[in-house]
Amino acid sequence: MEVNGIPNVRTCIAPLLEGVAVRMQDRLASWPQNNTDNAFVSTVQDIDILIVGAGPAGMEAALQAATFGASVLLVDENQRVGGQLIKQTHKFFGSKEEKAGTRGISIAKDLEDQLCDDRFKDKIDVLLDATVFGFYEDDTEDRYTFGVISRKEYKSRLIKVVCRSVIFTVGAMENMLLFPGNDLPGVYGAGAVQTLMNVYGVKPGERVLMVGAGNVGLIVGYQLLQAGIKVDRVVEAAPTIGGYHVHAAKLRRCSVPIYTRHSIKEVFGADCVKGAVVVELDDHWNPIQGSEEIVTCDTVCLAVGLTPSTRLLEQIGVDMALVPEAGGYIALHDERMQTSVPRVYVAGDSSGIEEASTAMIEGKIAGAMAAKQLGYQQEKAQTAYEGFLKELKRLRAGPFGAKPRDAKQRIQRLWRKRP
Amino acid sequence: MKHHAIVCRCEDITEQDVIDAIHQGYTDLEELRRKLRIGMGPCQGRVCISLVKKILEKETGKKVSVESYPTSRPPVIPISLGALAKKTRGENETKS
């Protein structure tokens, strides 16, 4: 609701005063003109493409778009670019073009160097330590307005960004599990464990129970061993290991047991984790009474899946659908990575949970096609796009690509079925 | 000591709080949100909404549709009023 010209007011808790002007607001808000006159708002005008999130997809999107001549503003919440890549000390799979055999941290450095390259000096602006917090309707047709808050040097600064096109490469959120003691110090998400260990060089604990045997759980489990931390076991609720065999085998060779059909029931300890109770599950995922076992540990690491981040996409009002194979509620998109709203693109985990290698190609596609759509080097961009599309298909062709392939095919079907 | 299973860390809401509210008749996400303040804290529902959805489906035996998820509105992260409304002169950047 809009109250006295101020959009997005939660009228349910706003005081009702004499003469107050309340207007219905259908999802989109206008930038509050009269209220910003006095406020400190700096404006970034006439950007071709705003890219939200400087992870693997966002960095590649920026490089592609700039290569074809578009001006780009790349915004990220963190104090450095790279997204999850800066935590990934393991080598990548895939073919040579997808940087197989290279560690994630090296890919991040390489892409960062490219972003800083002289030839992109006038094309790419990187804004770190800043969050795109909202979408606002713009007076000008074919422009989008976003509110950005910069936190540099602990000072909040509001920036209004006006752009012609936007690419959302915002990644995903880690899933949480419900069990007694799930907020005790020592219970971590796998992302936090990786940040502590691989970015800050801090051991999260001495003895870890890993929950989840997908690739994240398996890889982080092995990285814990590399850091000299004991991994008691991995428990996985599903009847089979979800991650790649090669990652599971590395853990097994180091004699870390992987228990499928097992889950965590609770953790115990007065003010921090002292141990956990694990339990076997039946065919219906219900705990089997009497199968409880106590695991002594000071850390519980949760690697139980990711959910795509879609809140800004929801604000814009793009067509969404529930696609469980892709990790949840996602923005429908075509093969060019464009959503149902013109010039609004999506790539990487926020378009469906997959991997950094495919996220990078999706980012390239979105970057090239967004630039093409704005009229930059259309033929060259189209040729590049066709190449990226082939790369993507090749990468998803193997048996490991089955799940994301199914997810993306379902997204395509839903895309075509839109009214 | 028996610990609680926390659903919403921002507002310190437990699994039992949610179950109790459902049994009191708050049987959709919006009602639960207004009753318990789930999804209204600094994380704006990133952690709790999918957990509450699971509890709700288990307790009521009914599927919760994604259309009933709370609406996403700006700002998606907490921003101080000072940042939004501070009066400062001079600094105006324009990129052309």
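Me: Which residue stands opposite A:Ala276?
Reply: In this predicted model, the residue facing A:Ala276 is A:Val295, which belongs to strand 16 of chain A.

Me: How many bridges join strand 15 to strand 16 of chain A?
Reply: There are 4 bridges between strand 15 (residues 275–280) and strand 16 of chain A, and the two run antiparallel.

Me: In what order do the strands of that sheet come?
Reply: The order is 14-15-16 in chain A, an open sheet of 3 strands with antiparallel pairing. Strand 14 (262–268) and strand 16 (293–296) of chain A are the edges; each has a single partner strand, so one side of each has no neighbour in the sheet. On average, neighbouring strands of this sheet are turned by 30° against each other, direction ignored.

Me: Now the domains. Where are the bounds in chain A?
Reply: Domain 1 of chain A covers 42–173 + 307–416, and domain 2 covers 176–304. Taken over C-alpha atoms, the centres of domain 1 and domain 2 of chain A are separated by 31 Å.

Me: And how many residues of the two domains are in contact?
Reply: Domain 1 of chain A contributes 5 residues, which are in contact with 7 residues of domain 2 of chain A. On the side of domain 1 that touches domain 2, the residues are 2 nonpolar, 2 polar and 1 charged.

Me: Changing topic: how many residues does the contact take from chain A and from chain B?
Reply: It takes 36 residues from chain A and 35 residues from chain B. On the side of chain A that touches chain B, the elements giving two or more residues are strand 3 (41–52), strand 6, strand 7, strand 8 (157–168) and helix 7 (311–316) of chain A.

Me: Which of them gives the largest share?
Reply: Strand 3 of chain A does, with 5 residues. By class, the side of chain A that touches chain B has 17 nonpolar, 13 polar and 6 charged residues.

Me: What is the secondary structure of chain B itself?
Reply: Chain B has 4 helices and 2 strands, in the pattern β-β-α-α-α-α along the sequence. Of its 96 residues, 24% count as buried. Among contacts in chain B with a separation of 6 or more, 54% are between residues 24 or more positions apart.

Me: Which peptide bond in chain B is cis?
Reply: The bond from B:Pro74 to B:Pro75 is cis, with omega near -10°. B:Pro75 is found in the loop between helix 3 (48–60) and helix 4 (81–85) of chain B.

Me: What about A:Arg343, buried or exposed?
Reply: A:Arg343 counts as buried, because it has 20 C-beta neighbours inside 10 Å. Phi of A:Arg343 is also positive, about 65°, although the residue is not a glycine. Its place is the loop between strand 20 (328–331) and strand 21 (344–346) of chain A.

Me: Finally, where in chain A does pLDDT stay under 50?
Reply: That is the case over residues 35–39 of chain A, for which the model has 10 contacts beyond four places in sequence. Where pLDDT is low, predicted coordinates should not be read in detail. For chain A, the mean pLDDT is 91, and 92% of the residues reach 70 or more.

Methods. Residues are numbered from 1 along each chain as its sequence is written. Chains are lettered from A and ligands numbered from 1 in the order in which they are written. This is a predicted model: local features need pLDDT of at least 70, side-chain atom pairs count only at pLDDT 80 or more; totals for chains, interfaces and linings use all residues. A residue is buried if 20 or more other C-beta atoms lie within 10 Å of its own, exposed if 12 or fewer, and partly exposed in between; C-beta atoms are placed from the backbone. pLDDT is the predictor's confidence in each residue, from 0 to 100. Ala, Val, Leu, Ile, Met, Phe, Trp, Tyr, Cys and Pro count as nonpolar, Asp, Glu, Lys and Arg as charged, and the others, Gly among them, as polar. Domain bounds come from an automatic or database domain assignment. Two strands pair if DSSP finds at least two bridges between them. Axes are lines fitted to C-alpha atoms, for helices over the stretch in contact, and angles run from 0 to 180 degrees between N-to-C directions.
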